[in-house]
Amino acid sequence: MSFNPSKCFSMRVTHKRKLVITKYKMDLHTLEEVCNMAKLLTDQHSGERGVYDCIVVGGGAIGLGTALHLVRQGYRTLLLEQFSFPHTRGSSAGPSRMYRNAYIEEHHAKMVQEIWQMWEELEQETKTTLHKRTGLLVINNENVAAFHQLRDNLVRHRLPFQDLTTEQLVRRFPLMSYRGHYNILLDTEAGFLIANKCLRTMLDQFVKKGGTLHDGEKVVKIVPHRMVTVCTNKGHEYKAGSLVLTPGPWAPKLLKPLGLDLPLKVWRVNVCFFKEKQPGSYLNYPAMFDETKDGFIYCFPSRDYPGYMKFGYHLQWDEVDPDDRDRPGQAGGNKLMVDIEAMKAYVQEHFPGLEPEPSIVENCMYTCTPEEEIHPVYHNIAIGCGFSGKGFKMALLMGKILGDLAMGKPSTYDLSPISMKRFLHQKAKL
């Protein structure tokens with residue numbers, strides 16, 4: 001197909017006179033620039049290599065959810081991931097992630113029904129089981145107001161749960177030991193996602209539906225404009241009308257050159273696996289989280305290692321560099337063992353059927369903000385980061401929200417409680 005600059009300019013003025021004159025008079029100062037833009041758009045729709053409707057940077061759960069949504073909508077989509085699949089370097093690796101209906105935050109509570117509906121649809125579409133329902137015990141003796149807010153959200157959104165007394169808890173689950181008064185409820189629809197299977201299923205569907213995957217290719221430069229240019233360590237340049245950044249722990253490094261210096265911290269968090277004294281004794285127990293003075297402890301029967309319970313302690317941590325997270329001293333000497341010791345003490349007090357010392361200790365990374373939220377930003381560049389350990393279960397819905405924002409579509413949710421705008425004194429000029 002031949003390209004005639006004057007014809008292209010005339011055509012665009014004829015069919016979109018007001019848009020072209022208003023938009024390009026401010027941003028494009030020459031006829032040559034207008035024609036270059038038109039050629040890029042022509043290439044985009046003719047399928048020329050390197051030009052896409054949207055590029056997604058980061059192939060963790062949120063990035064895969066975004067890429068899958070975009071390709072389902074018919075957009076020509078490129079997914080760039082710096083590591084080769086599968087890998088364990090980001091925040092999405094591992095066999096299991098908890099999901100739940102019980103949230104203190106109202107904006108999260110509003111999302112849970114659609115979140116779960118989207119996972120069910122993916123299971124039906126692929127004829128694959130991606131979850132196991134266990135129920136979730138919410139135990140709280142430290143922050144009564146927060147517990148009642150969480151309970152009120154379940155009632156308000158008609159999400160099923162059961163109230164339990166301490167006596168009912170230990171009678172129903174005799175290998176859990178609690179004494180005195182506790183605020184307790186059972187979120188009956190909670191459980192865990194089979195995380196590595198979820199990632200593989202989303203990736204397979206993305207490629208099956210025509211998406212382009214380039215893993216093992218790291219983004220080294222982003223040039224914002226009406227057509228965004230993305231440069232990689234392999235010397236390639238890709239262009240797209242829209243860009244979604246879901247870089248996980250690498251968000252601070254990737255966003256600063258775009259003028260976004262957000263209050264993000266990357267934490268290295270220990271995960272402990274305690275062995276059952278009697279194999280299988282906790283197999284059918286629910287997941288649990290218990291708010292403590294400094295954070296909350298959670299656990300559930302391990303899919304990672306059968307015969308073990310998986311425990312984590314969600315609390316404030318020292319910052320690490322995601323590229324050097326395993327280097328001695330990176331994890332913050334004063335807090336390195338705090339969560340392990342806290343989990344050991346908790347197990348010894350409340351889980352008599354488990355060995356008192358963890359047999360296995362692993363780690364993962366959280367990307368967090370002071371308020372632990374999620375942050376889409378409104379432009380032709382959308383950004384999703386700072387999920388603070390909550391993101392995996394929300395991957396499909398967050399992917400839909402981010403993909404729609406990048407393509408100029410409004411969200412059906414009020415995003416103000418989770419908007420990046422809360423932290424921006426000035427926006428990047430895109």
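The legends below describe an overview and several close-up views of a predicted protein model.

In this predicted model, local features need pLDDT of at least 70 and side-chain atom pairs count only at pLDDT 80 or more, whereas totals for chains, interfaces and linings use all residues. Residues are numbered from 1 along each chain as its sequence is written, and side-chain values use heavy atoms, with hydrogens and water left out.

**Figure 1. Overview of the helices and strands of the protein.** The protein has 11 helices and 18 strands, where helices (H or I, at least four residues) and strands (E, at least two) are DSSP runs numbered from the N terminus. Of its 430 residues, 54% are buried; here buried means under 20% relative accessible area, exposed over 50%, and partly exposed in between, with a 1.4 Å probe and protein chains only. Among contacts with a separation of 6 or more, 72% are made by residues 24 or more positions apart, a contact being heavy atoms within 4.5 Å. The accessible surface comes to about 19800 Å², and carbon and sulfur atoms hold 51% of that surface; the areas come from the Shrake-Rupley method with a 1.4 Å probe, and for residues only the protein chains shown count as cover.

Figure 2. Lys-127 counts as exposed because its relative accessibility is 78%.

**Figure 3. Strands E15 and E16, with Pro-279.** Strand E15 (residues 295–301) pairs with E16 in the antiparallel sense over 7 bridges, pairing being assigned if DSSP finds at least two bridges between two strands. Gly-295 has Leu-315 of E16 as its bridge partner, and in the hairpin of these strands, with 6 residues between them, Gly-307 takes a positive phi near 90°. In strand E16 (residues 308–315), 8 of 8 residues are buried: Tyr-308, Lys-310, Gly-312 and His-314 point one way, while Met-309, Phe-311, Tyr-313 and Leu-315 point the other way. Pro-279, from the loop between strand E13 (265–275) and strand E14 (287–291), has its C-alpha atom 8.2 Å from that of Tyr-308, although the two residues are 29 residues apart along the chain. Pro-279 is exposed, because its relative accessible area is 66%.

Figure 4. Leaving aside neighbours within four places in sequence, Asn-183 is in contact with Val-138, Ile-139, Asn-140, Val-144, Phe-147 and His-148.

**Figure 5. The largest nonpolar core and another core apart from it.** A nonpolar core is a set of buried Ala, Val, Leu, Ile, Met, Phe, Trp, Tyr and Cys residues joined through side-chain atoms within 4.5 Å. The largest core has 59 residues, of which Trp-119, Val-138, Met-202 and Phe-392 touch the most other members. Helix H11 (residues 395–406) gives the most to this core, with 8 residues. Not counting residues up to four places away in sequence, Met-202 touches Ala-61, Leu-64, Gly-65, Leu-68, Trp-119, Leu-122 and Leu-396. Another core, of 27 residues, lies apart from the largest one and includes Tyr-178, Tyr-285, Cys-299 and Tyr-346.
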